[in-house]
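Please look over the sequence and the model first.

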Amino acid sequence: MAPESEQLATPEEQADLAAEGIVLRDDAPLLEVTDLTVDFPTDDGIVHAVRGVSFSLAEKEVLAIVGESGSGKSVTSLAIMGLLGKTARISGSVKYRGVELIGMKNRKLAKIRGRGLAMIFQDPMTSLNPVYRVGWQLAEAIRAHNKISKHAAMERSVELLRMVGIPNPEERVRSFPHEFSGGMRQRAVIAIAVANSPDVIIADEPTTALDVTVQAQVLEAMEEARRHSGAGMVLITHDLGVVAGSADKVLVMYAGRPVEFGSVDDIFYRPRMPYTVGLLGAMPRLSTESDGRLVPVPGNPPSLINLPPGCPFSPRCPLSEPACNEAEPDLTQVGAGHRAACRRIDAVPALVQERLGHVETVA
Ligand SMILES: Nc1ncnc2c1ncn2[C@@H]1O[C@H](COP(=O)(O)OP(=O)(O)O)[C@@H](O)[C@H]1O
Ligand SMILES: [Mg+2]
């Protein structure tokens with residue numbers, strides 16, 4: 001099975017896309033999200049679920065998006081994939097190889113999904129149909145984008161299942177999803193996601209629903225499949241522990257907005273947003289140093305309906321002072337390729353030392 005994504009798309013695929021007026025540009029970033037916002041009008045008011053998310057993903061790069069539950073991670077990924085319902089009000093821009101996806105008709109988007117952008121959801125049964133055999137579903141995914149025989153597609157399915165670590169794939173292609181364990185189902189979903197060598201994989205909490213004992217193995221299988229397919233990846237998680245071994249860059253979200261962005265080392269060793277320090281303190285490995293207890297970030301995220309004017313993290317922030325409640329700080333440069341949204345950046349290193357017990361290393 002040779003990696004096929006070294007080129008933009010095969011000539012037939014390019015012709016297929018061109019017929020829909022889609023022209024991919026190899027000089028444009030792989031994925032570029034600019035000032036993405038998503039509002040949901042509800043009976044209680046407008047939910048400002050995503051409030052200005054921007055990032056750029058380079059070829060083969062892995063960007064982790066991290067934040068507590070409710071911070072807007074899933075809505076961001078669904079907006080990128082064009083999978084939000086009609087009630088969502090979306091603004092901003094999502095460009096895949098220079099092609100704007102926001103506002104694109106579903107029929108056109110369908111040409112880009114699968115081969116361009118593939119998605120892995122938290123619950124594998126979102127992607128698997130319980131009434132069809134796993135191998136058949138994989139073969140169908142392959143045949144949706146490739147003119148190959150059923151037999152060849154089934155052979156490729158066996159290879160894909162082998163790659164993601166399913167034992168006895170020759171037999172297992174004939175299994176139904178319910179005959180697989182949760183970890184094996186997610187491996188099968190990963191196989192479907194990479195079946196057409198996508199350029200971008202968006203994985204939304206891919207291991208959160210799994211038993212902790214298999215999480216690391218499934219993450220490893222996903223990384224192997226990603227590297228083999230040559231894809232870039234947006235890896236969404238509420239767990240910073242997942243990020244360390246997997247990502248190049250990290251975007252921390254709070255209340256629908258990016259509050260810190262940097263390399264994995266920036267985020268782990270030189271965080272500049274007190275919220276990030278809180279998330280790091282809630283990680284088992286770091287927080288057990290003192291007395292073995294986990295220290296979750298105290299308090300809860302705010303409602304996204306009536307956000308107060310100041311920094312949304314202020315009510316939970318150990319460094320908060322009255323001025324923090326006046327205006328929401330912008331994401332500003334705090335180092336090379338490192339940005340944070342905090343008025344009290346100068347006070348954060350001392351907080352890092354106090355809470356995480358490590359002296360900062362210099363970039
Ligand atoms: N269809 C919807 N209608 C109204 N509110 C929604 C809808 N989908 C998500 N939300 C709200 O948007 C916010 C962000 O949700 P989500 O992106 O799922 O968070 P995360 O994935 O970070 O846990 C939450 O407050 C959630 O309740
Ligand atoms: Mg989510």
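## Model and numbering

This is a predicted model, in which local features need pLDDT of at least 70 and side-chain atom pairs count only at pLDDT 80 or more, while totals for chains, interfaces and linings use all residues. Residues are numbered from 1 along each chain as its sequence is written, and chains are lettered from A and ligands numbered from 1 in the order in which they are written.

## Two domains

The protein is split into domain 1 (11-247) and domain 2 (271-356), with bounds that come from an automatic or database domain assignment. The C-alpha centres of domain 1 and domain 2 are 30 Å apart. To their contact, domain 1 gives 12 residues and domain 2 gives eight residues; two residues are in contact if their C-beta atoms, placed from the backbone, lie within 7 Å.

On the side of domain 1 that touches domain 2, strand 2 and helix 9 (240-243) are the elements that give two or more residues. Helices (H or I, at least four residues) and strands (E, at least two) are DSSP runs, numbered from the N terminus. Strand 2 has the largest share of that side of domain 1, with five residues. By class, that side of domain 1 has five nonpolar, five polar and two charged residues. Here Ala, Val, Leu, Ile, Met, Phe, Trp, Tyr, Cys and Pro count as nonpolar, Asp, Glu, Lys and Arg as charged, and the others, Gly among them, as polar.

## Around ligand 1

There are 13 residues around ligand 1, and Phe40, Ala49, Lys73, Ser74 and Val75 come nearest. A residue is near a molecule or strand if its C-beta atom, placed from the backbone, lies within 6 Å of it.

Strand 1 (31-42), strand 2 (45-57) and helix 2 (73-81) each give at least two residues to the shell. The largest share, three residues, is from helix 2. The shell consists of five nonpolar, seven polar and one charged residue.

Two packed helices are described by the angle between their axes and the distance between the axes. Axes are lines fitted to C-alpha atoms, for helices over the stretch in contact, and angles run from 0 to 180 degrees between N-to-C directions. Angles under 35 degrees count as roughly parallel, over 145 as roughly antiparallel, 65 to 115 as roughly perpendicular and the rest as oblique.

Helix 4 (residues 134-145) packs with helix 7 (residues 182-194) at about 20°, their axes being 9 Å apart, which makes helix 4 roughly parallel to helix 7. Val134, Gln137, Leu138 and Ala141 of helix 4 make this contact with Ala188, Ala191 and Ile192 of helix 7. Six of these residues are nonpolar, one is polar and none is charged.

With helix 5 (residues 150-163), helix 4 packs at an angle of about 115°, and the axes are 8 Å apart. Helix 4 and helix 5 are therefore roughly perpendicular. Gly135, Leu138, Ala139, Ile142 and Arg143 in helix 4 meet residues of helix 5 including Lys150, Met154 and Leu160. The contact of helix 4 with helix 5 has six nonpolar, two polar and three charged residues.

## Helix 11 and helix 13

Helix 11 (residues 274-281) and helix 13 (residues 348-356) have axes 10 Å apart and an angle of about 10°. The two helices are therefore roughly parallel to each other. Helix 11 takes part through Pro274, Val277, Leu280 and Gly281, and helix 13 through Val348, Leu351, Val352, Arg355 and Leu356. This contact has seven nonpolar residues, one polar and one charged.
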